[in-house]
Amino acid sequence: VAVDLFEASFDRHFGSGVPPEERLRANLRAAGVEARASIQKADIRQLPFPPASFDAAVSAYVIDHLGRDGAKQAFAE
């Protein structure tokens, strides 16, 4: 499950044009995992999944944008 807010900051960092969800889908297709992956618009500080839904999590380019309190919330999730 790929989680992102897909807000304006995404365009600032990666450019505008193609919607972020479509960019992510293209990457999933290129990696050959599109059938096994899903995309969820959500905030990692308050995830919409029941506890213990995942065995692990990977973060890329997000924790450093949350600040101390936001990072604590994300890790608690």
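Start the tour with the rings: the structure holds 1 aromatic pair. Select Phe49 and Phe54, which make up this edge-to-face pair, with 5.1 Å from centre to centre and 90 degrees between the planes. For the cut-offs, rings of Phe, Tyr and Trp (its six-membered ring) pair if their centres lie within 6.5 Å, and planes under 30 degrees apart count as stacked, over 60 as edge-to-face and the rest as tilted. Show the surface as well: Phe49 is partly exposed at 23% relative accessibility, and Phe54 is partly exposed at 43%. Here buried means under 20% relative accessible area, exposed over 50%, and partly exposed in between, with a 1.4 Å probe and protein chains only.

Before the next stop, a word on the model. It is a predicted one, where local features need pLDDT of at least 70 and side-chain atom pairs count only at pLDDT 80 or more, while totals for chains, interfaces and linings use all residues. Residues are numbered from 1 along each chain as its sequence is written, and side-chain values use heavy atoms, with hydrogens and water left out.

**Stop two: the salt bridges**

Side chains of opposite charge can pair when their charged atoms come close. How many salt bridges does a search of the whole structure find? The search finds 3, each being a side-chain nitrogen of Lys or Arg within 4 Å of a carboxyl oxygen of Asp or Glu.

Select Arg25 and Glu22 to begin, whose side chains meet at 3.1 Å, N to O. These two are 3 residues apart in helix H2, so about one helical turn separates them. Helices (H or I, at least four residues) and strands (E, at least two) are DSSP runs, numbered from the N terminus. Arg25 is partly exposed, with a relative accessible area of 31%, and Glu22 is also partly exposed, at 37%.

Next, select Arg29 and Glu34, a salt bridge whose closest N and O atoms are 3.4 Å apart. Arg29 is partly exposed at 44% relative accessibility, and Glu34 is partly exposed at 35%.

Then move to Arg45 and Asp43, where the salt bridge is 2.7 Å, N to O. Arg45 counts as partly exposed at 31% relative accessibility; Asp43 is partly exposed too, with a relative accessible area of 23%.

**Stop three: Arg23**

Go back to helix H2 and pick Arg23. Is Arg23 buried or exposed? Arg23 is buried, with a relative accessible area of 18%. Colour its contacts, meaning heavy atoms within 4.5 Å. Leaving aside residues up to four places away in sequence, Arg23 touches Phe10, Asp11, Phe14, Gly15, Ser16, Gly17 and Val18.

**Stop four: two positive phi values**

Most residues other than glycine have a negative phi, and most peptide bonds are trans. Select Ala52, where phi is near 65 degrees, a positive value in a residue other than glycine. Ala52 sits in the loop between strand E2 (39-41) and H3, and is exposed, with a relative accessible area of 80%.

Tyr61 has a positive phi near 65 degrees and counts as exposed at 71% relative accessibility.

Pick Gly67, which belongs to helix H3 and is partly exposed at 39% relative accessibility.

**Last stop: the largest pocket**

Rolling a probe the size of a water molecule over the atoms shows where empty space is left. What is the volume of the largest pocket? The largest pocket has a volume of about 1400 Å³. Of the 38 residues that line this pocket, the closest to its centre are Val3, Ile44, Val58, Ser59 and Val62, so select these five. On a 1 Å grid over the protein atoms alone, a pocket is an open set of points where a 1.4 Å probe fits, with protein on both sides within 12 Å along at least five of seven lines, and lining residues have an atom within 4 Å of a point. Grid points are joined across faces, edges and corners, and the volume is the space filled by probe spheres set on the points.

Now show strand E1 (2-4), helix H1 (8-14), helix H2 (20-31) and helix H3 (67-76), each of which supplies at least two residues of the lining. H1 gives the most, with 5 residues. Colour the lining by type to find 26 nonpolar, 5 polar and 7 charged residues. In this scheme, Ala, Val, Leu, Ile, Met, Phe, Trp, Tyr, Cys and Pro count as nonpolar, Asp, Glu, Lys and Arg as charged, and the others, Gly among them, as polar.
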